[in-house]
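Me: I am new to this structure and would like to understand how its descriptions are reached. Could we go through them one at a time, setting each value beside the rule it has to meet?

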Amino acid sequence: MGEYRGADKSQRRLVEQLSRYLDPATPPAAAGLEVTHTWTFGGTHLLDSLWRELRLDEFFSHALEARSFAQPVERAIFALVAHRALAPASKLACSRWAGASAWIPGLEGGGAELDVQHLYRAMDFLHGAMPELQEHLYFQVTDLLSADVSVLFYDTTSVSFYLDEADPEGELRRYGHSKKKRPDLPQIVVGLAINRDGIPVRHWIYPGNRIDVTTVEEVTRDLLGLRPRRFLFVGDRGMVSQANLDFLESRRLGYLLGCPIRNDPALEAHILSLRGRYSPVCEGLGVKETRITDGGRTLRYLLCRSEARAEHDARTRATVLERLKAKLAKQKKSKGADETRDKHSLLSTPGYARYLVRDADGKLRIDPARVAAAARHDGKYVLMTNELDLPAEELVLGYRDLWRAERAFRSMKSILDLEPVQHRTPERITAHVHVCVLAYLLVRVAESRARIGWDAMREQVERITLSELATGRASVLQTKSLTSAERELLNCCKVPLPPKTLQVTPA
């Protein structure tokens, strides 16, 4: 029959007497049973098993020893995380979801509804405990899950707020460079470091006006504070500055960064003129290499060319030039103030201005030399690294895995509803981000083990339900019979199968 809670001798005899009613071949109505309530159970069972595997229940229990709370804070935090992964919505919706719709294992009352204020207090506690929790999670990921952290990918994203005004200076919600092309909205910046498996190792929350390049020193200090044996820091072009390179070198930290060569014409000319064939990395991707020593520092520059990316760049440029030709033809017909306005409009658009020059009469025209110069960059990007021993092909493939950080942000925004953020205070805003990252951690561990996406996995496990069956003598909480696919999924995730009988309560 499985396991059940609170089983003394009398209850054990009661269960034995009820066993015939719980036979799957016997319909509940025919056996004199009434189904009084049904909850979704598979999703919370899966996530709670991973939560306990990472010893998050132990961490919060220890952190709460010196605190006095009337409600189970650790279970409330888990409810917030599970809700974010399974049915993301507001905290008020979570208070109704936990208990009424979903069974939260271990919650007092067997999943009774949580008061929304209790959830907010749990968020406040999570905010205060997060520095220690980040360190706990790092060691659980590296030791318990045996995750490889020899390469760490770092990237940032912006999370917008639909407000009329930004917060005062020093607060979180500030105007800044929006990666969603919404500079009119206040935002925060979220940084994330992940490993090769896409598992988050650490995260950061910055004011919305924080520039990516200014976060690198703090991020690497925090990562080094976790005392890893060694790791390669991988970031995109927005992380490159001379100060950052000097800092990384001073810490003898290996790095692999996208190189913005357009800012250095001499370097650009040297790298783009490298002779020889591209060494194949994989189908459609090749690399050339050069080394430059300056001031006692030797750096490797890897010129990469992607055939698919080259075709895309050429198509995009052709489309832009067609539109530009149409606008120039329209400009020839304009006079006076309209002509001046049209010129300013074209020159202020970077996608157009890079191809334009002025004739002697002041007219704008497309410059073939500029078009040819742009075509030299088709499909090409440059990486820089102080790793002198690893093969170039391995480094290029490693950099390509930076997409995993971008995928993490997409998942947190589209699947876990990281935004819009409905909170106002910095503490609640950061706690909301913490909840989303914890949810993504559990989701990513499940995805990497089952090797399927979370959308498909969530749909499958949410079919596993828990029902309350009542008779005149007792009520029984029973999980539905698992299909072979559901059993296989839980086994792949290294999660124990839910007990057939969860709880027996005498009338």
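Predicted model: local features only at pLDDT ≥ 70, side-chain atom pairs only at ≥ 80, totals over all residues.

Me: What makes both faces of strand 14 count as covered?

Reply: On one side of strand 14 stand Ala474, Val476 and Gln478, and on the other stand Ser475, Leu477 and Thr479, all of them buried. Buried means a relative accessible area under 20%, and because the residues on either side are all buried, both faces are called covered.

Me: How do you know that strand 14 pairs with strand 13?

Reply: Two strands pair if there are at least two bridges between them. Strand 13 (residues 465–470) is joined to strand 14 by five bridges, so the two strands pair, and they run antiparallel. Within this pairing Glu468 stands opposite Leu477 in strand 14, and the two strands form a hairpin with three residues between them.

Me: Which strand is joined to strand 14 by five bridges and includes residues 501–506?

Reply: That is strand 15, which runs antiparallel to strand 14. In strand 15, Thr505 is the bridge partner of Ser475.

Me: What is the order of the strands in the open sheet of nine strands?

Reply: The order is 4-3-2-5-6-12-9-8-7, and the pairing is mixed.

Me: Why is one side of strand 4 and of strand 7 left without a neighbour in the sheet?

Reply: Strand 4 and strand 7 (279–282) stand at the edges and each has a single partner strand, so one side of each has no neighbour in the sheet. From one strand to the next, the twist averages 25°. As for a pairing within the order, strand 8 (residues 285–294) and strand 9 are antiparallel over 10 bridges, and Asp294 stands opposite Arg297 in strand 9.

Me: Why is the contact between Asp57 and Arg52 called a salt bridge?

Reply: Side chains of opposite charge can pair when their charged atoms come close. The rule asks for a side-chain nitrogen of Lys or Arg within 4 Å of a carboxyl oxygen of Asp or Glu; the side chains of Asp57 and Arg52 meet at 3.2 Å, N to O, and therefore the contact is a salt bridge. Asp57 is buried, with a relative accessible area of 14%, whereas Arg52 is partly exposed, with 37%.

Me: How do you know whether Glu74 is buried or exposed?

Reply: The relative accessibility of Glu74 is 11%, and the cut-off for buried is under 20%, so Glu74 counts as buried. Asp48, Arg52, Asp57, Glu74 and Arg75 are linked in a network of salt bridges, and the structure holds 29 salt bridges.

Me: What makes Arg210 and Glu218 partly exposed?

Reply: Partly exposed residues lie between the cut-offs of under 20% for buried and over 50% for exposed. Arg210 has a relative accessible area of 26% and Glu218 one of 32%, so both are partly exposed. Their side chains meet in a salt bridge of 3.5 Å, N to O.

Me: How many cavities of 30 Å³ or more does the structure hold?

Reply: The structure holds one, and about 80 Å³ of space lies in the largest cavity. Its lining includes Met130, Tyr138, Arg202 and Leu441, and helix 7 (116–144), strand 4 (200–207) and helix 17 (426–450) each supply at least two residues. The lining residues divide into eight nonpolar, two polar and one charged.

Me: What is the volume of the largest pocket?

Reply: The volume of the largest pocket is about 1300 Å³. Of the 43 residues that line it, Arg237, Arg309, Asp313, Lys380 and Tyr381 are the closest to its centre. Helix 11 gives the largest share of the lining, six residues, and the lining divides into 16 nonpolar, 11 polar and 16 charged residues.

Conventions: Residues numbered from 1 in each chain as written. Heavy atoms only, no water. 1 Å grid on protein atoms, 1.4 Å probe; cavity = no way out; pocket = protein on both sides within 12 Å on 5 of 7 lines; lining within 4 Å. Points joined across faces, edges and corners; volume = space filled by probe spheres on them. Helix = DSSP H or I, 4+ residues; strand = E, 2+ residues; numbered from the N terminus. Nonpolar A, V, L, I, M, F, W, Y, C, P; charged D, E, K, R; others polar. Buried < 20%, exposed > 50% of the residue type's maximum accessible area, 1.4 Å probe, protein only. Axes fitted to C-alpha atoms, helices over the stretch in contact; angles between N-to-C directions.
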